[in-house]
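User: I would like to go through this structure term by term, with each label set against its definition.

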Amino acid sequence: MVKHQPLQVYEKQVFVSFVTGIYGCRWKRYQRSQDDSSRWECTWFIILCSSFLLLLFWAYFWLVAQNDFNEFNWSVYNRSGEWKDETIPILASTIVGFSYITFLLILALFHISLGQQLNLYWVHKIGVLATLLTAISGVVSVDDIWGDEWDILLVSLQSTAPFLHIGALATVTAIGWLVAGYVVRRERSNFQVMVLVSYIIILLAVCLAPFTFTCPCIMDRHSLKPRPDIIGRRGAPMLAPENTMVSFNRALQHGASSLEADVAISVDGVPFLMRDRTLRRTTDVSKVFPARQFDDASFFNWTEIRSLNAGQWFLESDPYWTVETLTARDRSRIGNQSVCSLVEMLRLAARANSSALLNIRKAPPEHPRHRSWFMDTLWAVQKAGISQKRVRTVTWTPDSDRGRVRGLQQTTTEKLSVGEIRQRGITSLTLHYSKASHKDIQEYLANNVSVTVYPVNEPWLYSILWCSGVPSVSSDAPQVLRKVPYPIWLMSQSAYNFIWITSDLVSLAIVIGIFCFQKWRMSGMQNYNPEQIMLSAVVRRSSREVNIMKEKLIFSDLNNGLSSTEELSLYPENGYARYSHGGLSR
């Protein structure tokens, strides 16, 4: 008598081998398992998900922070004393780390959907930990060096929130397939209930999230205010050295209606344009006056300042990766630039019929012009022949000194109430975009207070400020904003409500359908005869290319063995072994 067991027939599972091989280095079938994952591997899956969420936050932060890359590099320069584009290595490492973690997470989700046991390879565990620790250290470093920049996240949501809502809704809906497959199992546990309740809460929170949105561009297009004027902040510093005549000319050529400059006073009372406290970054002072390269720029006389080259540094460092776009003539002009005086800049503004915004840095107490800096500034304005009404000043001085700047329009970077603005006699505000909320802007405009927002270098930020009704923005990139003839998106409230409610209803319908399908699928599998599943699987595969990986036939002679005429025959049709007398039959 012959004892036999079913013939084991396997189909090639290339995709499963690819998923389990890359994720856990389990390329062979016998290495894989469909048992529940261990708690240790579940912990690693949680670490992987946490790393993904942190890197998603980190990548989004740097995406929207492009508006302030120049400010970041300047902050690093003030700490290190060396000017380098520090954003390049940060962006490169962020892209690599985020792509790596995202790929592993996708493989892990495929494991769950295919019923495979999670078993992250040890090399990937090291990679995940290294990526997670790098991201954490990056967040801590940015918080230390550039902590104020976190505000841009909330500002950016005014533009991206409707689109992030749709993306989050699609993601939560897709995850419903995995949650449903886990919850509808025959076995019941408290953890399954907790998973289901948590998923429902998250789904409802995402569906109702638009109640918390404040998006200025969700408005009637007929209520849209005129396009904000663009102020060339230090000219066009991405196309030419900042605070030079070439830079200001470039700004006017790219549609800037006003010019903004940083003003310092030389030791002999000549106002000149310089952003930094020293001359090291934007001139060749280290070659001409090496012993004085760390001195305050205001302690040089105008003859010494004028002898310095203020353009060669731009060609050598290429801070904005734009030097290659310059013609030979432009490079020659830039290479011969000197430090610009305030009179030269104001004369250019007068010829172009534009206005000027001056950030005046008061001289140090030991400076000989410490008390007369405002008279030096007035002298420059009068000498340039520009109307004082077209010159606004932002003075880095206490309120007691503001009244001494007579005849010039005064503005402040402080966020003040309307009452304080009138009390101080200030005609306008120059606010950082993080301080200029939509509600505050509307209040200022309703009380005839002009508002200028800075720095605005990206189209998305320019668009939401346009929708908010801001009359002017200060930008390092007028050549970019010039290409924004209309807000990048504008939608009426009724249209957005329709999209919002429709997407929520579609998502809920899909989730309910997924749970019903998984329940039907699981109940069908539970009611199916295992032997029929095996036989039908073999029959279905008879028409395909099948790889026979293992055959086991167990012979047992219960009556002193088999006779010589007994032979074994295989019938692939039904997947079982059968013996007969007199030869092998097919």
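Analyst: Contact here means heavy atoms within 4.5 Å. In this predicted model, local features need pLDDT of at least 70 and side-chain atom pairs count only at pLDDT 80 or more, whereas totals for chains, interfaces and linings use all residues. Residues are numbered from 1 along each chain as its sequence is written, and side-chain values use heavy atoms, with hydrogens and water left out.

User: What share of the contacts in the protein with a separation of 6 or more comes from residues 24 or more positions apart?

Analyst: Such residues account for 68% of those contacts.

User: Why are α1 and α4 called oblique to each other?

Analyst: Helix α1 (residues 14-24) and helix α4 (residues 87-114) pack at an angle of about 130°. Angles under 35 degrees count as roughly parallel, over 145 as roughly antiparallel, 65 to 115 as roughly perpendicular and the rest as oblique, and α1 and α4 are therefore oblique.

User: Which residues of α1 and α4 meet?

Analyst: Phe15, Phe18 and Ile22 are among those in α1, and they and their neighbours in the list meet residues of α4 including Phe103, Leu107 and Leu114.

User: Why does Tyr486 count as partly exposed?

Analyst: Buried means under 20% relative accessible area and exposed over 50%, with partly exposed in between (1.4 Å probe, protein chains only); Tyr486 has 37% relative accessibility and therefore counts as partly exposed. Tyr486 lies in the loop between α19 (478-481) and α20 (493-526), and touches Arg221, Leu224 and Trp466, not counting residues up to four places away in sequence.

Definitions and conventions. Axes fitted to C-alpha atoms, helices over the stretch in contact; angles between N-to-C directions. Helix = DSSP H or I, 4+ residues; strand = E, 2+ residues; numbered from the N terminus.
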